[in-house]
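Here is a short briefing for a first look.

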Amino acid sequence: MTDISITLSEQIQDACSSQQPLSIIGNSSKSFYGNITHGQPLEISSHTGIINYEPTELVITARAGTSLDEINQALTEHHQMLGFEPSTFNNASLGGTVACNSSGPRRPYAGAARDFVLGCRIINGKGEILHFGGEVMKNVAGYDVSRLMTGAMGTLGVLLDISIKVLPKPEDEITFHLEIPEQQALDMLTRLRSKPVPVTASCHDDSGLYIRLSGSSSAIHAAQKNTGGDIIKESKTFWEDIREHQHDFFNNSEPLWRLSMPPATNIHLEGQTFIEWGGAQRWLTGQTDNIHIRDTMEKIGGHATLYKNGNKRDDCFHPLDNNMFKIQQQLKKAFDPENILNPGKMYKGL
Amino acid sequence: MTETINKTTLIHELSQFLDTDSLLFKEEDLRPYECDGLSAYRQLPMLVTLPRNLAEVQSIVRLCNQHHIPVIARGAGTGLSGGALPLETGILLSLARLNKITNIDQDNCLATVQPGVRNLAISEAVADLGLYYAPDPSSQIACTIGGNVAENSGGVHCLKYGLTVHNISQIKVVTIEGELLTIGSHAMDAAGYDLLALFTGSEGMLGIIVEVTVKLLPLPETAQVILASFDDIEVAGRAVSEIIAAGIIPAGLEMMDNPAIRAAEDFVHAGYPTEAAAILLCELDGTIEEVDEQMTVVRDLLTSSGVSDIRTAKDEAERQQFWKGRKAAFPAVGRLAPDYYCMDGTIPRKTLPWVLKNISRLSEQYKLAVANVFHAGDGNLHPLILYDANNPGELERTEEFGGKILELCIEAGGTITGEHGIGMEKINQMCIQFEDQELEQFHAVKNAFDPHGLLNPGKAVPTLHRCAEFGAMHVHDGKLSHPELERF
């Protein structure tokens, strides 16, 4: 438990007056992600500790450097969890998780990190410590800066403390497996999407379709009877492996693309695909033609991120059109007028 | 290029591309637009435009930008914070005529609609597919989706299903330059900053929403509701926490205090116990098995928590009956006095007894009665202050009392608005909830989208100058809640 807000704020004030770019560093569990930045390191990892946890209010507030492991442990004691099921990788911090909007298998059914963020304290590019949102579920006072920070990769502000809505753990979970090819799997996921079936995770790999159901034991077994398939033994570890990219598919040093698209989309890109999120998130390897990937995604209303590996690390995120880029640049300027917070981490010029 | 312009020339320029019935400028035509749902605040706009398509919206906004004329967007005018209050020198831009559902994408569970489509109309249009749009503000029969996005509207099902921000996928907005911008996507995220979150609840200050793609959910297999009565409101509050602690997230969890119960019962005969200090309505939805099991848990919890009476709706008709009282609570309370003033703070649930005690103390001090309706699940409190605007000074006293309630919410660790927005109404309390540097950050955000301050100016975020004046007034009152706050 240490609070280094003041030190961080002073460091940023100094950097602001000398226009010194900063590279924000948490626990470096996702250092592979995003463009390479060249700045003086700003270390957040010692800014740690759970500040407030009220199980009956369904909210936890912790400092950005707090590890997800510590948070998950505290929540587990009260039979609660982070609803967006983020990857812990190698000791991921809460700040990094929120900065990357890192969300796991439960995302399409419960929401992304951004959906659970209730409030945060940040330091903007002028070194000012600011507080937005709060610890209550409903709060529409002022612009929703807390959610804007989610996924901004520190380029709009350094996250200090974050309040997150938490959920009760489901009473029971089972996963069933259907040995069906991709197209059939996507069709089934589409059918399930509009049915009141308690699905909380889904994926498709070489061996077929896997679907997790959560809720009361009787409810999920009743639902499984209708969907068919075989119940697998290790439901918990199966999804942990996917969440942590320990599944065989990810055991690969080739460029790993994350494709985000409307779930009921049929696309054909060469390479190997691993489908998640009911079809809305697909991982791709074995495809090197960046332009072709991006063009394909553009046509279907999706976007492509070079998530991991690959030589070039200056173009990881899907390009924005001119009008959108201009507005995002103005927004960046509103928070970080000297352009010192992780410049270029998302886009050149942001 | 900026040029000043008078009203006559402006009407002439607008009439180049707007039909005569899309452009209102005579006082009698402007009158219906002088206020939104917060009728205590009234102002005639310079003129009203009612565009029929996107191109007309863009032309209007471009003209406003060119001549530096403020533009205030309006949906159905049901907002409760004066967010759509006109400006004497501004154009009121009504989006009510853009009211088509343009696409229903069953496979992706999305519906794309124009901003003037009513909230409930979306659920009605997709009901035969077994789908619905979850956020259900009380005004859902009339309020528009564009307004819902602008205010980040809630409803009674927020705890489980989230607010507007959780239930939309993409919006299209017209910027102050008149450009069309697509924000979000039909995927689960979009590249770049999360402008979708920033726009949701931005109260028409950053752009004009011209299209919304909402997420659709499958209708739950079943829903059941429990009506629990309590002799003591604190006991009711504790029961709420126990339900949450048991790992149950009800679809709806509503509380009403005795004055609200009496008013509702008198109005719609929902079968509420008029002697109870408080009632809880707890709705559970989901699969049949899940709901059955959770009903047993909730009934057991309530029984051991000290409930005085507990009833389960025996059929769909009775379930609707139970809800009817809650949904009619505002108009019901409205029958108790010539006017009522609806507040909208959110508090951590555990502070409910403290907040209620202080509200009743203030009620005595200001000699104004209060009825409380509470989204107990998510801590969103709606105290309704009863007053008579015809009594000289009573509205002012009501507003001051309302302001004090909001300050209580801040002190309790909550916020001054859960779902109604700041608008014009709570702008002074923003000075208490936020520090100067935070307000300046908000202004910088607005400036990034609207450098000349033409989109709904003066709403939602106070100037530091206004806060300084409000602060001075407050100190003079001798009741400043946060004297440590720095003032401009």
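**Cysteines and the chain interface**

Cys64(B) is buried, with a relative accessible area of 1%; buried means under 20%, exposed over 50%, and partly exposed in between (1.4 Å probe, protein chains only). This is a predicted model: local features need pLDDT of at least 70, side-chain atom pairs count only at pLDDT 80 or more, and totals for chains, interfaces and linings use all residues. Residues are numbered from 1 along each chain as its sequence is written, chains are lettered from A and ligands numbered from 1 in the order written, and side-chain values use heavy atoms, without hydrogens and water.

**Disulfide**
- The whole structure holds one disulfide over all chains, a disulfide being a pair of cysteine sulfur atoms within 2.5 Å.
- Cys431(B) and Cys467(B) form a disulfide, with sulfur atoms 2.1 Å apart.
- The torsion about their S-S bond is about -80°, so the disulfide is left-handed.
- Cys431(B) is buried at 3% relative accessibility.
- Cys467(B) is buried too, at 2%.
- Cys16(A) is in no disulfide; the nearest cysteine sulfur, that of Cys120(A), is 19 Å away.

**Interface**
- In chain B, 81 residues are in contact with 69 residues of chain A, where contact means heavy atoms within 4.5 Å.
- Five salt bridges are counted between chain B and chain A; each is a side-chain nitrogen of Lys or Arg within 4 Å of a carboxyl oxygen of Asp or Glu.
- Glu419(B) and Lys138(A) meet in a salt bridge through their side chains (3.0 Å, N to O).
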